Amino acid sequence: MPQFDDYISAVTRRLRPDAELQMDIAHELRTHLEDTAEAAHAGGMDEDASQSEAVRAFGDADELADKLFEANRRRMRLRAVLKWAARVTLMPAVLLVTMLVLTLAAVDLATTLALYDHAFSYSRRSILPRLLWGSHCPADSLIESHTPPRSGLTEDELFFAEQEDWSVESGEALVARSPTTPRYHAYYTLMLYFHEVDVGQEGADWTSHFQAAIARGKELEPENALYDILEATALISSSATVPYESDLVTDLEITDRDAFARGIAGLRRAAQKDAVRTYAGDLRQERSNVRRTPDGLAEQTWTLLRAYGRYASEVMILYHLSRATPRYAVTLAGEGEIAEALELLDAVERICIMFGVQSDMGVMSRTVQQSLIRVLAGRALVLEEAGRTDAAAAAREAAAAEHATLRAIVQAWIRHGDQFTTHSSKLLLIFGSQRFDDPVLIAETRRAELSVALRTALSLVLLAPLLGALVLSVLSTRYLASRRRSDGWTPFFSSWRRPPRAVLWVLAVPVVGGLIWFCVLAPLLEFSPISRHGWQAVQLALLISVPIGIAALSVLVAARVSLRYAQEDRALLLFIGWKRLARIMLWSVAAPAAAYAVWLCVLPNPLLQYGLPHSFGRLAFDVALLSIVSGGTLLHQACRAIRERLADFGEELPADRYFRPLHGRWGVARTVVVLAIATLYIATWTPTPDLTVLPPASLAAAGALVAGWSLYTLWQFLRLRSDGAASRFRGTFVRSLLPILIVWLLAAGAVVHTTLRWTERRAIGAINQSDYRPFEDELSLDSGGAAFREHHRELDRRWREEHQAPEPE
Amino acid sequence: MKFDKELTKGSTALIVLQLVQEGETYGYEIVKVVNERTNGRFEWKEGTLYPCLHRMEGAGLLAAHWRDAPTGKKRKYYRITRKGRTELSRRTAEWHEFSTAVDAVLMGAMS
């Protein structure tokens, strides 16, 4: 309708400085004119005449233009100020907030990774794969041969220091150097036991080396119970399949009854001896004494780790024994062999106590207690089977008393961990409480673990795509600039057309990040804290100083970006409306977050079952899947909202100019990616705690899929033809909506992060405030577990009295 | 009968506020209703309604949003705000007082 076009153009000409308002008012007037013309046409007037009549009824164009301008002048001025404010502040604010959050996330992540690294492997290069793939970080890898020896060692000490720890070869070397030294032989036999007998695995293979070493050990030390115990454990675990479940009523599956019986007999023989001497703790202590503290590891942590690693071998023995024998005793009782069952339990109890009297704090004490409790619980069941209810109740009481001691041990560990940094204490808590049989502590520990893992995954998810998007936008801009597109669309940094500058910018991010890491973060993280407060002060200084530096840099960059925007004169929608914004947030943020919360709380989650080292990879997978679902919905909803806003004043976006991430090829690509990830997720599901939860290849494939989809989406967005409504669409998306969405996401991330930290502290606090800590001060590493040993000496005396066994010399 | 321009000027806002208060409506409909109720005596230039609507929207007396009309056409609808209602009450009272005063003067002259 050319008459209307000219008239409306004349009427709204003074509103041109505010293109959005001009479009809005023009469309409003047009609908009125059309209605009037239609009514006139319906009254019998011809089309041209009815349009002329509509224009005439509307009034003089010049007069109306002035009136409209006057009526909207105040609004236009306000909107101009808002637009200017948005141009000048929104982008810098977004960059500032982004950099702040990213820096905080990076520091948090770096601290967690570094301390996790120190606590579990201190092999910095391997930490990320270990975290992501959930591989096991056993205590036996803590004192490794690559830790350099101290200077000024004697020849013997040097020989000792140079041996690789925890290997058959090192055992052989020690025995070859000194064949009659009992502790070297014990160490060698233990190494054979673990590396060749392969305890607990199906198809275990006894080797002649091991049998010979056992025989030789018995010759060297006839009174040492170690060789009988090792032989018996190997026989038992190779002739029976021990279920993982911790209950005592699940039957053992005995594959070789003869071998099993010989194993049980061996245990009885072992129980008759005075003591068990493994020397492993002494050897490890010696070994760590001749080595330096690894670089970057706090002395306190090193002490703790050495203590932790000392008893790894004994832990394994007790672990296997205490799972098989009480079960077997219960089975015997069921068959009426009460006396035999009690005799067997007596023997295992005695073995536990033998280990207990020489244990100091840490994993050994915990394992001894766990084993002892299982034995006592087994005895209660056997006595119940025999109808001796009083005795059964006494056994149950004894088990409860030992359970209190066990709690105290874990409590002491946690409190000891608290003396370190917050992160290491958390991680020590996590590590120290694995497979701990107390439901309250397990629940709280798992909650803390979940928070740590989610926070770390969140940091990764925040860091990776934003940095990736920055690099991609620069690269794609280079491509678009090289094609000299002239459709009015000018992406970021397009003025930097010369390749060296673009390359410099791309390189600047990792280079600056690397410099900050190596010059500031890494040395400070390696700082050995004198006290907990000292470490907190360092952390605080880091958290304040680093973001300020980065933020200053980001403001400079943002100012440059803003200036570029200010120079452009293209229509921009100011705001899509609160309802539309709420809808975007509901479907793209709140709904996926709620769904994930339900998944974490209601459905069985492996993390809650098996703990952090087993589940972190899966959790990262969860977050990746969530981000692609949420990200796709976010794009879709945002684009839909802008399209609707444009349609309000008659700006229709053709399908080929409109970005619809859930439709067409994009939608298919997204569905394929989500399905592929889900398939990988299900296919790699291995609900067995001893296996790696997520094969590296599947995680890499999932990451590649997510990255590929993101790249494809970004690419398609940049390739959209852009003129008229499409230009306004993209302008609005990039300038108005994107900053708001990013700020929202980051704010939501910060809230989630804070909530997780709070949950974590609350969970740890709940453990700390438990009312069972009779050994609180005594059972610490510093006192060397004296109270615990004394407790077991008392048990030992009692056992001897009951069994009329002589006191040891 | 054609009213004097100065006479109608002050009443436009009152009329528009009253009509919008009766229910959400758009510009064309307001003009139509006014013409129906006054039998076309106001003879508004239809365009002049819009500056009035925009001024009141700017002042927070009205709120506007785009939505589909029952006919399927997209129209900009106006609804009255709380502030608008207060203003309508004030203006209505003012109008009554004014007209009563004018009537009183005119009646006095007649009697």
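Author: A salt bridge is a side-chain nitrogen of Lys or Arg within 4 Å of a carboxyl oxygen of Asp or Glu. This is a predicted model in which local features need pLDDT of at least 70 and side-chain atom pairs count only at pLDDT 80 or more, while totals for chains, interfaces and linings use all residues. Residues are numbered from 1 along each chain as its sequence is written, chains are lettered from A and ligands numbered from 1 in the order in which they are written, and side-chain values use heavy atoms, with hydrogens and water left out.

Reader: How far apart are the closest N and O atoms in the salt bridge between A:Arg75 and B:Glu57?

Author: Side chains of opposite charge can pair when their charged atoms come close. A:Arg75 and B:Glu57 make such a salt bridge between chain A and chain B, and the separation of their closest N and O atoms is 3.2 Å.

Reader: Which element of chain B gives the most residues to the side that touches chain A?

Author: The rule finds 7 salt bridges across the interface of chain B and chain A. On the chain B side, at least two residues each come from α2 (27–38), α3 (49–58) and β2 (74–80), where helices (H or I, at least four residues) and strands (E, at least two) are DSSP runs numbered from the N terminus. With 6 residues, the element that gives the most to this side is α3(B).

Reader: Which three residues supply 30% of the area that chain B buries against chain A?

Author: The contact, meaning heavy atoms within 4.5 Å, takes 28 residues from chain A and 22 residues from chain B. Between them the two chains bury about 2,100 Å², with 52% of it on carbon and sulfur atoms, buried area being the accessible area (1.4 Å probe) that two parts lose on being put together, summed over both. The 30% share of chain B, more than any other three residues give, comes from B:Tyr28, B:His54 and B:Trp66.

Reader: Does A:Asp35 count as buried or exposed?

Author: The side chains of A:Asp35 and B:Lys73 meet in a salt bridge at 3.1 Å, N to O. A:Asp35 belongs to helix α2 (residues 19–42) of chain A and B:Lys73 to the loop between β1 (62–68) and β2 of chain B, so the pair joins two chains. Buried means under 20% relative accessible area, exposed over 50%, and partly exposed in between (1.4 Å probe, protein chains only). A:Asp35, at 5% relative accessibility, counts as buried.

Reader: How many residues apart are A:Arg56 and A:Glu53 in helix α3 of chain A?

Author: The side chains of A:Arg56 and A:Glu53 meet in a salt bridge at 2.7 Å, N to O. A:Arg56 is partly exposed at 48% relative accessible area, and A:Glu53 is partly exposed at 26%. About one helical turn separates them in helix α3 (residues 47–58), a spacing of 3 residues.

Reader: How many residues apart are A:Arg268 and A:Glu343?

Author: A:Arg268 forms a salt bridge with A:Glu343, whose closest N and O atoms lie 3.8 Å apart. The pair links distant parts of the chain, from helix α11 (residues 257–272) to helix α15 (residues 338–357) of chain A, a separation of 75 residues.

Reader: What percentage of the residues in chain A is buried?

Author: Chain A contains 28 helices and 2 strands. Among its contacts with a separation of 6 or more, 77% are between residues 24 or more positions apart. Of the 809 residues in chain A, the buried share is 53%.
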